[in-house]
Amino acid sequence: MSRTTNSEDSSLSSSLPAPAQHIDSEGVRRAVRDYLIAIGEDPDREGLKGTPDRIARASQELFAGLRQDPQDVLSARFDVKTEDLIVVRDIEFFSVCEHHLLPFHGLAHIGYIPTKDKVVGLSKLARLVQVYARRPQIQERMTQQIADALMDVLEAKGAIVITDCEHMCMSMRGVKQSQARTVTSAVRGYLRQSDTRSEALRLILDAPALH
């Protein structure tokens, strides 16, 4: 089972508040302790005594994207004379669904047509995915945000982003569909044209990992 959504124009708001300065670790610890009590557990028993602190520390990493700015990630450019399509496939990421605070994970595939002399290192595209994945998120919005950052920050001529994910909120609870995949896409600029879009989709969908 899979669900596929496509966005050529942002129908979901891709804007977010300015990056947060820090995580209130003590507040996280208190909240986790209260949560354990609320579900009927004893937060002072041996297995759970350190859990509030573990979650507070893990939150620094899991939600690091709240304190990162895509402009910083995409600021370093290379003087490469190309205006041809660049594709990076199979960027692995993990995120947390903002509806249930359960993980979703999968692969992101990115293609963009750079403006002359505005090419970034390939690792920066993977870092851009992490900026938006490491925060409370929904897949549809994340896909759009990555595409919009390529257009707005990198000033690309065109961008395409496809994400393919498994959501624990569908696998672990509710309908319990562990084989279900959700695929979302966002297409911007020149890549809306049928010939360039077809080239990008061929390069992305011919990836062995998707077979």
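Author: Gladly, and please keep in mind that this is a predicted model. Let us begin with Cys-97, which has its place in strand S2, the stretch of residues 86-97.

Reader: Okay, is Cys-97 buried or exposed?

Author: Cys-97 has a relative accessible area of 5%, and because buried means under 20%, Cys-97 counts as buried.

Reader: And what does Cys-97 touch?

Author: If we leave out residues up to four places away in sequence, Cys-97 touches Leu-102, Phe-104, Gln-137 and Cys-169.

Reader: Where does Cys-169 lie, and which residues is it in contact with?

Author: Cys-169 lies in helix H6, residues 168-171, and it is buried too, with a relative accessible area of 13%. Apart from neighbours within four places in sequence, Cys-169 is in contact with Cys-97, His-100, Leu-102 and Pro-103.

Reader: Which residues does UniProt list for "binding site"?

Author: The UniProt entry, which is unreviewed, lists Cys-97, His-100 and Cys-169 under that heading. They span 73 residues in sequence, but no two of their C-alpha atoms are more than 7.9 Å apart, so these residues gather at one spot.

Reader: New topic: at what angle do H4 and H5 pack?

Author: Helix H4 (residues 122-133) and helix H5 (residues 139-152) pack at about 135 degrees, with 10 Å between their axes, and they are therefore oblique to each other. The contact is made by residues including Leu-125, Leu-128 and Tyr-132 of H4, together with Met-142, Gln-145 and Ile-146 among those of H5.

Reader: What classes of residue does that contact have?

Author: The contact of H4 with H5 has 9 nonpolar residues and 1 polar residue, with no charged ones.

Note on methods
Residues are numbered from 1 along each chain as its sequence is written. This is a predicted model: local features need pLDDT of at least 70, side-chain atom pairs count only at pLDDT 80 or more; totals for chains, interfaces and linings use all residues. Side-chain values use heavy atoms; hydrogens and water are left out. Axes are lines fitted to C-alpha atoms, for helices over the stretch in contact, and angles run from 0 to 180 degrees between N-to-C directions. Helices (H or I, at least four residues) and strands (E, at least two) are DSSP runs, numbered from the N terminus. Angles under 35 degrees count as roughly parallel, over 145 as roughly antiparallel, 65 to 115 as roughly perpendicular and the rest as oblique. Contact means heavy atoms within 4.5 Å. Ala, Val, Leu, Ile, Met, Phe, Trp, Tyr, Cys and Pro count as nonpolar, Asp, Glu, Lys and Arg as charged, and the others, Gly among them, as polar. UniProt positions are given in the numbering used here, feature names are shortened, and annotations may be inferred rather than shown by experiment. Buried means under 20% relative accessible area, exposed over 50%, partly exposed in between (1.4 Å probe, protein chains only).
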